[in-house]
Amino acid sequence: MAGGRPTTYRPENAEIARNTCIVGATNESLAERFGVCRRTIDNWIATIPEFSDAVRYGREVADEAVISALFARATGMEQKMTKVFCHRGQPVTANYTVQLPPDVRACFFWLRNRRPWQWRENRPLVEEEDDGDRVSELEAASERVRLAAVAEHPRAGPAQSAAEGPALPVPSEAEGSEAERAVRSAAERLRVHL
């Protein structure tokens, strides 16, 4: 013989739970709806298959609706609208369509959850297989900057006018190594190994 208080569960509770979960009910709100504590709802879900199935189905329907709405926000959508206004004392309705552009935050949310390896915020800056390419890119960029500085400001003699501004000297080998150290320092901060 089982002890304890008799259950307040009724067969119609499954249908009520399904409809309530379709509109987003949690276990707490189900407990309020049925006038029981949350632990009772957890117990019903664990022990009464038709109640558990009804809750699961209702939540799946709600989740699908949210997924559909999020996708529509992320990709942009058209929304049909109706406006009622007064013309010569008579109400007139006008139907029109509003084009809503994609929402950037919805796009980020979608991509970070669907493709976290590409869109998470803490992904590594450099992939190991790209190290060689990045090093050569940095070295080439450094050389281009040095050559551009030399081409723009060749060594000027004492006859250089004040209007032309000060000339940038051509880096000597010692200065070039200093520039190279600066590039290497920047590369290390970017986690690129030269």
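Predicted model: local features only at pLDDT ≥ 70, side-chain atom pairs only at ≥ 80, totals over all residues.
Are tryptophan 44 and phenylalanine 51 buried or exposed? Both tryptophan 44 and phenylalanine 51 are buried.

Let's start with the overall layout. The protein has eight helices and two strands. What order do the elements follow from the N terminus? They run α-α-α-α-β-β-α-α-α-α. So much for the order; now the surface. The protein has 194 residues, and 15% of them count as buried. Its accessible surface is about 15,200 Å². Carbon and sulfur atoms hold 54% of that surface. Now contacts.

How many aromatic pairs does a search of the whole structure find? It finds seven. Tryptophan 44 and phenylalanine 51 have ring centres 5.5 Å apart and planes at 85°, so this pair is edge-to-face. The cut-off for that label is an angle over 60 degrees. There is a wider group here too. Ring pairs join Tyr9, Phe34, Trp44 and Phe51 into a cluster.

Charges meet rings as well. Phenylalanine 34, one of the cluster, has the charged end of arginine 33 over its ring. The distance to the ring centre is 6.0 Å. Elsewhere, arginine 112 lies over the face of phenylalanine 108. Here the distance to the ring centre is 5.3 Å.

Next, the strands. β1 covers residues 77–87, and β2 covers residues 90–100. How do β1 and β2 run? They are antiparallel, and 11 bridges join them. Here are two of the bridge partners. Methionine 77 is partnered with leucine 100 in β2. Threonine 82 is partnered with asparagine 95, again in β2.

The two strands form a hairpin, with two residues between them. Look at arginine 88 in that turn. Most residues other than glycine have a negative phi. Arginine 88 sits in the loop between β1 and β2. Its relative accessibility is 78%, so arginine 88 counts as exposed.

On to the cysteines. How many disulfides does a search of the whole structure find? The search finds zero. A disulfide is a covalent bond between the sulfur atoms of two cysteines. Let me take two cysteines by their accessibility. Cysteine 21 has 1% relative accessibility, so it counts as buried. Cysteine 37 is partly exposed, because its relative accessible area is 41%.

Where is alanine 25 found? It is in the loop between α1, residues 13–22, and α2, residues 27–34. Why does alanine 25 count as buried? Because its relative accessible area is 10%, and buried means under 20%. Leave aside its neighbours within four places in sequence. Alanine 25 is then in contact with Thr20, Leu30 and Arg59. Alanine 25 and glycine 58 are 33 residues apart in sequence. In space, C-alpha to C-alpha, they are 8.8 Å apart.

Second, proline 49. This residue lies in helix α4, residues 49–75. Proline 49 counts as exposed, because its relative accessibility is 52% and exposed means over 50%. Proline 49 and alanine 14 are 35 residues apart in sequence. Their C-alpha atoms are 9.4 Å apart in space.

Third, leucine 111. Which helix holds leucine 111? It is α5, residues 104–114. Leucine 111 has 23% relative accessibility, so it counts as partly exposed. Which residues does leucine 111 contact, leaving aside its neighbours within four places in sequence? They are Pro116 and Trp119. Alanine 74 is 37 residues from leucine 111 in sequence. From C-alpha to C-alpha, leucine 111 and alanine 74 are 9.6 Å apart.

Start with the ring cluster of Tyr9, Phe34, Trp44 and Phe51. Move on to the hairpin of β1 and β2, with arginine 88 in the turn. Finish at alanine 25, in the loop between α1 and α2.

Technical notes
Residues numbered from 1 in each chain as written. Heavy atoms only, no water. Helix = DSSP H or I, 4+ residues; strand = E, 2+ residues; numbered from the N terminus. Buried < 20%, exposed > 50% of the residue type's maximum accessible area, 1.4 Å probe, protein only. Areas by Shrake-Rupley, 256 points an atom, 1.4 Å probe, with all protein chains shown as cover. Phe/Tyr/Trp six-rings, centres within 6.5 Å; stacked < 30°, edge-to-face > 60°. Lys NZ or Arg CZ within 6 Å of the ring centre and 35° of its normal. Pairing = 2+ DSSP bridges. Disulfide = S-S within 2.5 Å. Contact = heavy atoms within 4.5 Å.
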